[in-house]
Amino acid sequence: DPHFPPGPRALPFIGNLHQLHNSASYISLWKLSQKYGPLMSLRMCFEPVLVVSSAKMAKEIMKTHDHIFSARPSKLSQQKLSYNGLDLAFAAYGSYWKEMRKICKVHLFNSNRARSFRPIRESEVSHMLGEICGLVSASQPVDITEAIMSLANTIISKITFGQRYKEENSRIQALLREAETLFTSFYVSDYFPLLGFVDKLTGLIHRLEKNFQEFDIFYEKIIQEHLDYGRSELDDHSEDILDGLLKLRNDPSLKFQVTFSHIKAVLMNIVTGATDNNAAAVIWAMTFLMKNPTKMKKAQEEVRGLVGNKGFVNEDEIQELSYMKAVVKETMRLQPALPIIPRETTEDCNLDGFKIPAKTTVYVNVYAIGRDPQVWENAQEFCPERFINSSVDLKGQNFELIPFGGGRRMCPGVSIALATVELALANLLYKFDWEMPFGMSNEDLDMEVVPGLTMHKKNALCLMAKQYI
Ligand code: HEM
């Protein structure tokens with residue numbers, strides 16, 4: 001059809017399932033887009049899918065036609081784990097989502113609140129540095145992956161629930177891993193409703209139900225603890241996100257009554273959306289810097305020059321570290337934590353001369369856009385310098401760099417995320433000199449990715465540290 005963007009041939013029945021649904025689909029789609037162009041059509045079984053792979057087209061759908069491209073495809077696993085779309089991330093686009101988004105923006109993710117978590121971030125980063133110092137004294141290697149995952153977890157759980165998960169930590173970790181797998185599994189019922197029994201036979205439905213129930217018990221317990229202790233009346237503790245959500249239950253100005261299910265659904269978004277993405281950014285940044293020792297040195301000189309012998313980089317100082325911030329942007333350009341953003345059209349739309357029908361699934365390939373040779377010089381190279389004296393930022397206005405998405409559905413947690421990522425990275429660079437473990441060179445460092453929702457480094461990043469200060 002000449003009205004439709006071009007694309008690779010679809011197979012009978014499954015369509016382009018093999019290209020769209022595999023552990024590195026962002027890479028296979030990026031390669032296909034080099035042949036078929038920045039707007040490409042495929043089929044997921046019988047459903048049409050539009051893949052967007054250039055900054056110019058991302059701007060068309062996230063700015064010019066944002067109101068048409070702001071729905072999300074509705075899939076079984078997401079609906080189940082989001083209490084049937086009572087959350088923000090998977091809610092159907094419409095008045096409910098708008099109100100929920102407003103509530104979250106005003107009450108949960110505003111910049112005042114992001115700032116109020118500063119003491120939590122600073123004390124947890126400091127705690128992590130202490131642990132690493134312990135390993136240094138014992139001449140032990142540092143598992144950066146583990147250190148950063150544990151940091152991201154603790155910070156998000158303290159921000160959200162006001163406490164660590166404590167004894168539940170490993171159980172919550174396992175639940176999160178399982179949720180990630182369930183989010184990215186292929187459900188026959190999503191594409192062939194009449195064959196839904198297949199998902200029962202494979203055990204997926206049972207696993208989904210179990211994961212949902214276990215998370216539900218966990219949220220319920222934490223909610224009860226918050227209510228029982230009358231915590232919100234204690235003035236010596238800063239309000240966590242759950243306190244903020246609980247207060248909304250009796251707010252007459254809201255367009256709907258906030259129930260425990262709404263609250264649990266939003267908690268799910270934060271727990272699954274925030275922790276891993278934050279951690280991945282720091283781990284990849286350290287990996288890139290280890291592979292590029294001159295850039296590592298430059299980043300370390302910047303932070304050490306600024307902070308001197310004070311011993312810790314605080315959040316005011318972070319704002320001065322333009323090279324370190326450029327390292328974060330460059331990392332997110334090359335290894336965006338969420339390489340593909342799913343959207344769906346709500347109406348027919350003309351796009352670049354093509355007709356895109358309503359209810360088309362849209363995949364914005366953030367990974368491909370970050371490597372678009374039309375906008376990025378030496379696109380494959382890790383070069384933070386490209387962001388020095390550049391106005392390109394991560395706030396969703398520069399469509400060549402959209403690791404947090406853009407438009408009305410953009411990530412609302414961007415300030416909370418960057419605050420954690422930058423503080424952790426700056427302190428790792430300031431406090432230690434990093435080397436490969438004995439007998440290894442930086443060429444042995446791989447960039448392999450684990451299949452899943454977040455683009456995680458597959459093999460743990462283990463390094464030797466020498467204390468600088
Ligand atoms: C480095 C860390 C993070 C990255 C890379 C990231 C990335 C993203 C992306 C790409 C989207 C989809 C945006 C779109 O459709 O245009 C998104 C949505 C979302 N993110 Fe994040 N995120 C991060 C951290 C966080 C944090 C810390 C929170 C909460 C505290 C959060 C909460 C959400 C929510 C609730 C949505 C759904 C918004 C909606 O559909 O209206 N994220 N995120």
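Two strands are taken to pair if DSSP finds at least two bridges between them. Strands (E, at least two residues) and helices (H or I, at least four) are DSSP runs numbered from the N terminus. By this criterion, β3 and strand β11 (residues 462-467) pair in the antiparallel sense over two bridges, and Asp 143 stands opposite Cys 462 in β11. The structure is a predicted model, in which local features need pLDDT of at least 70 and side-chain atom pairs count only at pLDDT 80 or more, whereas totals for chains, interfaces and linings use all residues. Residues are numbered from 1 along each chain as its sequence is written.

The pairing of β3 with β11 belongs to an open sheet of three strands in the order β3-β11-β8, with antiparallel pairing. Its edge strands, β3 (142-143) and β8 (432-435), each pair on one side only.

A further open sheet has four strands in the order β1-β2-β7-β4, and its pairing is mixed. Because β1 (39-44) and β4 (340-344) stand at the edges with a single partner strand each, one side of each is left without a neighbour in the sheet. The twist from one strand to the next averages 25°; angles run from 0 to 180 degrees between N-to-C directions, and axes are lines fitted to C-alpha atoms, for helices over the stretch in contact. Six bridges join β1 and strand β2 (residues 47-52) in the antiparallel sense, and Arg 43 has Pro 48 in β2 as its bridge partner. Helix α2 (residues 25-36) packs on this sheet and touches β1, β2, β4 and β7 (361-365), its direction making about 90° with that of β7. Helix α3 (residues 55-64) also packs on the sheet, touching β1, β2 and β7, at about 120° to the direction of β2. Contact here requires C-beta atoms, placed from the backbone, to lie within 7 Å.

The axes of helix α17 (residues 322-334) and α19 come within 10 Å and cross at roughly 120°. Met 324, Lys 325 and Val 328 in α17 meet Val 421, Glu 422, Leu 425, Ala 426 and Leu 429 in α19. These contact residues divide into six nonpolar, no polar and two charged.

Helix α19 (414-431) and α14 (260-291) each supply at least two residues of the shell around the ligand. The largest share, seven residues, comes from α14. Of the 25 residues around the ligand (C-beta atom, placed from the backbone, within 6 Å), Ala 274, Asn 277, Gly 405, Cys 411 and Gly 413 come nearest.

Methods
Contact = placed C-beta atoms within 7 Å. Nonpolar A, V, L, I, M, F, W, Y, C, P; charged D, E, K, R; others polar.
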